[in-house]
Amino acid sequence: MLRALVHQLWGSYSCMLFVNANHRINEQGMDFKQIDAEWNWDNFLILEAIIASFLYLSVPSLAEFPIWNFWGILFCLILHIGISEPLYYWTHRLLHSSTLFHQYHWLHHSSKVLHPFTAGHATLLEHMLLCVVIGIPILGTTLLGYGSIILMYGYLLVFDFLQCLAHCNVEVFPSHLFDTFPLLKYLVRTPTYHNLHHTNMRTNFCLFMPLYDKLWKTMNTKSWELQREISSRTKRRVPDFVFLAHVVDIMSAQHSPFVFRSFNSIPFSTKLVLFPMWPFTFMAMLVMWARAKTFLFNFYHLRGKLHHTWVVPRFGFQYFLPFATDGINNHIEDAILRADKLGVEVISLAALNKNEALNGGGTLFIKKLPNLRVRVVHGNTLTAAVILHEIPQDVKEVFLTGATSKLGRAVALYLARKKVKVLMLTLSTERFTKIQKEAPAECQQYLFQVTKYQAAQHCKTWIIGKWTTPREQYWAPSGTHFHQFVVPPIIPFRQDCTYGNLAAMRLPDDVEGLGSCEYTMGRGVVHACHAGGVVHFLQGWKHHEVGAINVDQIDVVWEAALKNGLKPV
């Protein structure tokens with residue numbers, strides 16, 4: 001468990017882009033293919049635990065170890081430097097021979113972007129050889145009579161720590177450390193040093209000490225120059241597109257690459273294993289509320305352009321607290337200004353970040369910041385298009401909740417133009433009348449105000465834009481399909497009905513470095529508002545998309561999405 005914890009902590013750190021983005025060595029993203037390939041990275045821990053258990057049962061005297069023995073630590077160090085290090089060097093170098101590499105070592109090098117879990121991604125032969133390398137210092141010291149409990153646990157944990165460090169893809173050592181103590185260049189394998197081995201496989205074979213590469217002339221001459229460059233880097237590549245998201249709730253906050261990478265690579269669903277972490281996540285939420293700023297969450301590349309997801313450090317429920325409104329808008333405004341200063345071309349607002357009651361669908365920022373170069377996009381035009389294209393063409397009547405919202409208004413007006421009867425659920429006659437008057441005169445007759453769910457008891461197409469309770473869903477007739485654009489999605493209460501997912505689109509096939517699922521979306525699928533921002537960017541449109549949805553643009557945006565390779569789900 002302790003060894004797995006070391007790997008997990010390093011894995012979390014490796015994925016904390018908001019902490020280490022400036023010092024990442026390989027700036028490509030880790031895709032689903034690599035994550036799947038490394039899914040069982042911890043098999044070597046199970047293997048070594050079995051071997052250790054066998055030895056413990058076979059040698060009863062191991063149970064009588066003292067807790068600490070100074071000479072044991074010294075002899076272990078001598079055996080590691082004198083035997084394990086050179087043994088690993090030559091074994092590793094031999095595995096890179098043309099005969100053995102493709103049989104036994106290719107698996108480890110198949111990971112393009114290093115991660116602490118990559119350290120355990122290897123063939124059975126490599127794991128067995130590593131058992132020998134690890135076993136020599138521990139068993140040798142034990143046979144000399146200087147074994148101890150701290151030696152056994154300490155050596156293994158330090159070994160794992162250094163392995164994870166070398167594979168973390170983040171340069172953690174400042175270059176001035178090696179200027180002050182030049183000897184460290186031969187004693188410390190930095191992440192940059194080992195990363196170079198994965199790009200130039202004829203150099204940097206050592207385990208932890210580059211001294212052996214120096215002795216046998218396989219040290220990459222760029223090792224320390226590149227280490228200096230990366231460790232002193234203060235800026236990173238500017239994103240071309242930013243999706244500004246927010247946290248949904250405490251459970252889904254654990255659906256992050258820096259919590260569990262594998263869990264983040266599949267669509268979010270509540271799992272029992274997450275509940276013990278709820279108190280810690282709750283405390284993190286309080287800290288974020290008090291101290292955090294908008295941060296970089298993940299990224300991917302599309303056609304040579306860098307796409308970021310930034311997260312406003314606020315949870316869904318906080319958007320409905322009246323006293324929190326100004327603070328949230330300040331976070332969003334700061335993110336927009338930061339994007340504008342960096343030279344980002346498009347920033348797309350997610351879900352509650354463009355809430356009408358919060359900032360008028362983004363209009364607040366455009367009015368306040370009239371000289372913005374970055375285009376602010378709410379993406380609702382494509383969201384409306386996705387919802388509308390899910391509705392079968394032969395439908396003649398729909399029931400619409402959230403009918404006077406931005407999306408509800410656009411959906412109602414579009415369907416009225418198609419001569420579809422729309423039952424608009426709203427208690428406000430004033431709002432209904434205002435929307436009805438926006439429709440062409442010959443289409444206004446297709447819009448009807450209703451004030452109760454009972455009015456839809458014979459309608460089998462429900463479009464849900466406002467949270468609907470199980471009791472309210474009861475009024476839908478059997479066989480009803482629930483389309484929805486409400487966040488979070490409604491509970492699928494009715495077994496005799498079907499439920500659609502939130503509006504979404506699949507990113508183009510040529511997306512690169514994507515290894516994170518967006519909330520409940522499938523792999524490669526993003527919310528329609530995210531996709532709407534991507535389309536806006538790919539099309540090179542120069543206008544802001546904020547406020548009310550332009551119904552005339554719904555088909556235009558839909559066609560643009562398809563033209564650029566996005567696909568309906």
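## Helix α5

Helix α5 covers residues 70-95, and its 26 residues reach 36 Å from the first C-alpha to the last. This is close to the 38 Å expected at 1.5 Å a residue, where the expected span is 1.5 Å times one less than the number of residues. Helices (H or I, at least four residues) and strands (E, at least two) are DSSP runs, numbered from the N terminus. The model is predicted: local features need pLDDT of at least 70 and side-chain atom pairs count only at pLDDT 80 or more, while totals for chains, interfaces and linings use all residues. Residues are numbered from 1 along each chain as its sequence is written, and side-chain values use heavy atoms, with hydrogens and water left out.

At His80, α5 bends by about 40°; the bend is the angle between axes fitted to the seven residues ending at a residue and the seven starting there. At the N-terminal end, Asn69 caps α5, with a side-chain oxygen 3.0 Å from the backbone nitrogen of Trp71. A polar contact is a pair of N or O atoms within 3.5 Å; within protein, one must be able to donate a hydrogen and the other to accept it, and residues adjacent in sequence count only if both atoms are side-chain atoms.

The buried residues of α5 are Gly72, Cys76, Leu79, His80, Ser84, Glu85, Pro86, Tyr88, Tyr89, His92 and Leu95. Buried means under 20% relative accessible area, exposed over 50%, and partly exposed in between (1.4 Å probe, protein chains only). An α-helix has 3.6 residues a turn, so residues three or four places apart point the same way.

These buried residues pack against α6 (98-109), α7 (124-143), α8 (149-166), α10 (191-199) and α11 (211-215). Contact means heavy atoms within 4.5 Å.

## The loop between α11 and α12

Thr218 lies in the loop between α11 and α12 and is buried, with a relative accessible area of 6%. Leaving aside neighbours within four places in sequence, Thr218 is in contact with Tyr89, Arg93, Arg202, Thr203, Asn204, Phe205 and Asp213.

Lys217 is exposed, at a relative accessible area of 75%, and has a phi near 60°, a positive value in a residue other than glycine. Most residues other than glycine have a negative phi, and most peptide bonds are trans.

Two strands pair if DSSP finds at least two bridges between them. β1 pairs with β3 in the parallel sense over six bridges, and the bridge partner of Phe241 in β3 is His307. Four bridges join β1 to β4 (residues 346-349), also in a parallel run; here Val242 stands opposite Ile347.

## Loops on either side of β3

Arg303 is found in the loop between β2 (295-302) and β3 (305-312). This residue has a positive phi of about 55° although it is not a glycine, and it is partly exposed, with a relative accessible area of 39%.

Ala324 is placed in the loop between β3 and α15 (325-342) and is buried, with a relative accessible area of 6%. Ala324 and Arg314 are ten residues apart in sequence and 9.5 Å apart in space, C-alpha to C-alpha.

## An open sheet of three strands

An open sheet of three strands has the order β14-β12-β15, with antiparallel pairing. Its edge strands, β14 (525-527) and β15 (567-568), each pair on one side only. Strand β12 (residues 504-506) is joined to β14 by three bridges, and Ala504 stands opposite His527 in β14.

## The protein as a whole

The protein has 23 helices and 15 strands, and its C-alpha trace spans about 95 × 50 × 50 Å along the principal axes. Buried residues make up 54% of the 569 residues. Among contacts with a separation of 6 or more, 69% involve residues 24 or more positions apart.

The accessible surface comes to about 26900 Å², of which 62% belongs to carbon and sulfur atoms. Accessible areas come from the Shrake-Rupley method with a 1.4 Å probe; for residues, only the protein chains shown count as cover.
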